[in-house]
Amino acid sequence: DQVLKLENVSRIYAPGTARELQVLDQASLSVNAGEMVALMAPSGAGKSTLLHIAGLLDRPDDGEVWLGWVAMNGRSERQRTAARRSEIGFVYQFHHLLPEFTAAENVALPQMAEGRSRSEALTRAEALLAEVGLAARGDHRPAQMSGGEQQRVALARALANRPSLLLADEPTGNLDPATADQVFEVMMRVVRDSDSAALIATHNPELAARMDRIIRLDQGRITEAPRLV
Ligand code: ADP
Ligand code: ADP
């Protein structure tokens, strides 16, 4: 079951200028439900660009982006925003939690943006926090939590609308190895339990090796890497 497909996607920054830079060159990729895919490439190779295009935050200059079986390039910004909110969850290297809100409120907000009432969103938020091992921490503010806990709240928030696709950009990049491992374990479990798909950019070869597939970005193209052992 196709969740995401990039078909010959190209992205050129500052075209026609001296700073012209082709970051993606006919990159193709498909991700099915239940798959966890690691994206490994050096800094500057275009991982964030690829994730932004897959997440409908940016449009390719050429090629097509499919979310499920829907081609997204021809859709309006409004339709793309609606699809992003209902189908995609994002986790970044930095948690981007709102400091003045509690953990539960941070997880509830995207649901309220989707039309849920505050009380229903907060009830679901507590359940999502329990799923990431943070039961009873819902009323803590981000500053009162450790880095790993903050990142698990960000994960719960990303899952709040039960997305079919989780996109993560170096989600454990700011964490010490033991904490990174713990956060990654939780991420694997929740993605597997929900039968959604994940595309996760990481520099960590041990974590990448535990996913289903590893892809690399090389000169703007996507290549499947041989399985690390
Ligand atoms: P990565 O996430 O792998 O580090 P990025 O996708 O962030 O790579 O960036 C790829 C290249 O494109 C880098 O050289 C970066 O400087 C450049 N770049 C990224 N965003 C823009 C932009 N909006 N305008 C111009 N150049 C950009
Ligand atoms: P980095 O991985 O380079 O440290 P961040 O993790 O802070 O950067 O963010 C990764 C990318 O996601 C950035 O290009 C940023 O513009 C974008 N971004 C950050 N927060 C949001 C958000 N809430 N919604 C959409 N895009 C965001």
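Predicted model: local features only at pLDDT ≥ 70, side-chain atom pairs only at ≥ 80, totals over all residues.
Reader: Hi! In what order do the 6 strands of the open sheet come?

Author: Hello! The order is S6-S7-S8-S3-S9-S10, and the pairing is mixed. From one strand to the next, the twist averages 20°.

Reader: Which strands stand at the edges there, and why is one side of each left without a neighbour?

Author: Those are S6 (88–91) and S10 (221–224); each has a single partner strand, so one side has no neighbour in the sheet.

Reader: Okay, S6 and S7: parallel or antiparallel?

Author: They run parallel, joined by 4 bridges, with S7 covering residues 165–169. As an example to find on screen, Gly 89 has Leu 166 in S7 as its bridge partner.

Reader: And which helices pack on that sheet?

Author: Helix H1 (residues 47–54) does, touching S3, S6, S7, S8, S9 and S10, and its direction makes about 155° with that of S7. Helix H2 (residues 77–87) packs there as well, touching S6 and S7, at about 70° to the direction of S6.

Reader: What about the other end, how do S9 and S10 pair?

Author: They pair in the antiparallel sense over 4 bridges, and Arg 216 stands opposite Thr 223 in S10. The two strands form a hairpin with 2 residues between them, and Gln 219 in the turn has a positive phi of about 55°.

Reader: New topic! What is the strand order in the sheet of 4 strands?

Author: That open sheet runs S2-S1-S4-S5, with antiparallel pairing. Its edge strands are S2 (21–32) and S5 (70–71), each with a single partner, so one side of each lacks a neighbour in the sheet.

Reader: How many bridges join S1 to S4?

Author: There are 5, between S1 (residues 2–13) and S4 (residues 62–67). Leu 6 stands opposite Val 65 in S4. H1 packs on this sheet too, touching S1, S2 and S4, and its direction makes about 125° with that of S1.

Reader: Now the ligand. Which residues surround ligand 1?

Author: Among them are Tyr 13, Leu 21, Val 23, Pro 42 and Thr 49. Oxygen atoms of the ligand also lie 2.7 Å from a polar backbone atom of Gly 44, 2.8 Å from a backbone N or O atom of Lys 47 and 2.8 Å from a polar backbone atom of Ser 48.

Reader: How much of ligand 1 does the protein cover?

Author: It covers 57% of the 560 Å² of accessible area that ligand 1 has on its own.

Reader: Last one: which element gives the most to the shell?

Author: H1 does, with 3 residues. Across the shell, the residues divide into 5 nonpolar, 5 polar and 1 charged.

Terms used: Residues numbered from 1 in each chain as written. Chains lettered and ligands numbered in written order. Heavy atoms only, no water. Pairing = 2+ DSSP bridges. Axes fitted to C-alpha atoms, helices over the stretch in contact; angles between N-to-C directions. Contact = heavy atoms within 4.5 Å. Near = heavy atom within 4 Å. Polar contact = N/O pair within 3.5 Å; in protein donor to acceptor, adjacent residues only side chain to side chain. Areas by Shrake-Rupley, 256 points an atom, 1.4 Å probe, with all protein chains shown as cover. Nonpolar A, V, L, I, M, F, W, Y, C, P; charged D, E, K, R; others polar.
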